[in-house]
Each structure stands twice: as C-alpha cells, then as structure tokens.
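Keep the viewer open as you read.

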Amino acid sequence: MATRFNPKPRGLTLVEQMFRMSTLRPEFRVTLHQRQRSVTWVGKIRPAPMSNEYTVQVELTIGLRPKVKVLNPELKVRDGATCLPHYYPEDKSLCLHQAHEWNSLFSVADCIVPWTAFWLYFYEVWFFTGSWEGGGTHPVKPEHQAA
Amino acid sequence: MTTILTEIEGAINTAMPGRIYVLNPANPSEDLSERWDDPASYAAFIEGISQLCSVWKQLTSASEMQKSASILEILVGEPTKEAVKKQARAFQAARSAALLKTASAGVISTTVGTSIRPNTFHGD
C-alpha cells in the first residue's frame, strides 16, 4: 500500500512575504539581505486619526520571530513608570505576541504590521492615562496600570 | 463644530460695530440675546468665542493623542482621560473578539478586509 503523502506545510518565503507586504503596505521601503536570509521594511504607521505618526522598522529573518523597532519618534517612559510596557529594552523591540501566536505561515503584512499599530495605539493611551488597556501578559505590573 | 464657529465669527464681524441678534425662530420678534445690549456682556461673549476658536484650531491641527487630549482637558476637564480609556477598552474588546480587519493601505476597520489574528502582548 502506498504511503500517503502529507507534506508539512512550508512557511512563506521571504519573496512571498515581500509580495504580500507590497500589496498591503506598498509605502513601506524594503531591503532584502540575501546573505543573512532576512528582509527589512521601514515605513510609517499612524495608529489612530488623533495619533502621532511613527516610523517603524520590521525585520524578518528566516527561522526567527519578526522584530519591530520604532525608529522615530523615540518612545518615552511616562512619569512614574520605570519602563515601557511590553517592550524588550535589550534590543529596543516591541513584545507583540506570544511564541505560539506567530509562525512562518503567517504574513508580516497581515499580522505584525496591524499588531504594531495596536501596540502603538495602546502605548499612546498608556502614556496619556497611565493604564495599559491592550491586555497581555504581566498586566498587573505597575508599568501597566495607573497608580 | 468648525463650521459653526466659523459662522459665528463671521456673523460677529459682519455685525460690527453693532451686535448680532439671536431671534426666537418661533417668534422672530423676541430677541433671545437681549442681554448683549450691555456692551460688557457682548464683549465677554466675543472674547469667549475667540478663545474657543483658538483652542478648537489647536485641537483640530494636533497630530498627537497627548496634545489632543491635553487640549480637550482644557475644554472639558478631567473626564478626557476616562473617555480615552473607555475608547481603548472598546477597541480592545473588538480586537479580542477578532472583529478587526485590515484592508489595502493597512487601514484597520470592522467592516472590510482580512481579519486580524488575535495577539497577546508579551513580556515586560
């Protein structure tokens, strides 16, 4: 009896990621780093009509989680807090998701970019009110709630 | 609001050096603004409208939530923070229920586009 062929679904290639991104967010500038097997996009996100406009960099390396950094304006810690919520200070990237919520079958344009817009929106709300309203892990830390 | 304020300013300028009259629509012979016969009262009204127009222009040209909210706080007081939180909670509820979608150009809405997968902000 022949063995049934159940191929493991392969993740999106960098070229497929780039194509999807160019369709949804054509204004993002893309750089392909073939030797590092990675791609970088730089573009602007305004999370809400009354929000600031942020220049963000999204870096995707095959086999790693996408890294998102805010290039401009600089993210600020509000008075009374000791750090930014949901943020990796070591490499200055945003903590957008838990490990199981992302895999290489998903596209950066459909997941990472909207999640970044959400993060920026909740960051602005937090900066103004002192309360992180976007949920997530560690929501009881002082940095996430108003005093 | 911008249109209303612009029209009030225009009416004030047109009526100069006199005052504007606000007549009762049901009884045009009744002047609802008769108190403005007192020059001091009318000057206070003009000053108030001028200040409101100035703050409103700042509000509508502000491109940061921090700035906009601070201006709103001047206008309406402390409830601004609660209103911002309330809006954020409604947004978060829609996000948790996977009701948000992204269309071309990355616009996020609840009506058109591809559904956005729920995510959990992680880490510190």
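**A walk through the model**

Chain B has an average pLDDT of 85, and 92% of its residues score at least 70. Keep in mind that you're looking at a predicted model. For the complex, the predictor reports an ipTM of 0.79 and a pTM of 0.77.

Now turn to chain A and find its sheet. Strands of a sheet pair through backbone hydrogen bonds, and they can do that in either a parallel or an antiparallel way. In chain A, 4 strands form an open sheet in the order 1-2-3-4, and the pairing is antiparallel. Strand 1 (29-33) and strand 4 (67-72) of chain A sit at the edges, each pairing on one side only. Going from one strand to the next, the twist averages 20°.

Strand 1 of chain A runs antiparallel to strand 2 (residues 38-45) of chain A, and 5 bridges join the two. To get your bearings there, look for A:Val30, which stands opposite A:Trp41 in strand 2 of chain A.

What packs on the sheet? Helix 2 (residues 108-129) of chain A does, touching strand 2, strand 3 and strand 4 of chain A. The direction of helix 2 of chain A makes about 140° with that of strand 3 of chain A. There's also helix 1 (residues 14-24) of chain A, which lies across strand 1, strand 2 and strand 3 (54-61) of chain A. Helix 1 of chain A runs at about 15° to strand 2 of chain A.

Over in chain B, start with helix 1 (residues 2-15) of chain B. Helix 1 of chain B has 14 residues and reaches 20 Å from its first C-alpha to its last, close to the 20 Å expected at 1.5 Å a residue. Is this helix packed away or in the open? Of its 14 residues, the number buried is 0, so helix 1 of chain B lies largely in the open.

Finally, bring the chains together. Their contact takes 37 residues from chain A and 26 residues from chain B. On the chain B side, helix 3 (65-76) and helix 4 (79-96) of chain B each supply at least two residues. Helix 4 of chain B gives the largest share of that side, with 7 residues.

Note on methods
Residues are numbered from 1 along each chain as its sequence is written. Chains are lettered from A and ligands numbered from 1 in the order in which they are written. This is a predicted model: local features need pLDDT of at least 70, side-chain atom pairs count only at pLDDT 80 or more; totals for chains, interfaces and linings use all residues. Two residues are in contact if their C-beta atoms, placed from the backbone, lie within 7 Å. The expected span of a helix is 1.5 Å times one less than its number of residues. A residue is buried if 20 or more other C-beta atoms lie within 10 Å of its own, exposed if 12 or fewer, and partly exposed in between; C-beta atoms are placed from the backbone. Two strands pair if DSSP finds at least two bridges between them. Axes are lines fitted to C-alpha atoms, for helices over the stretch in contact, and angles run from 0 to 180 degrees between N-to-C directions. pLDDT is the predictor's confidence in each residue, from 0 to 100.
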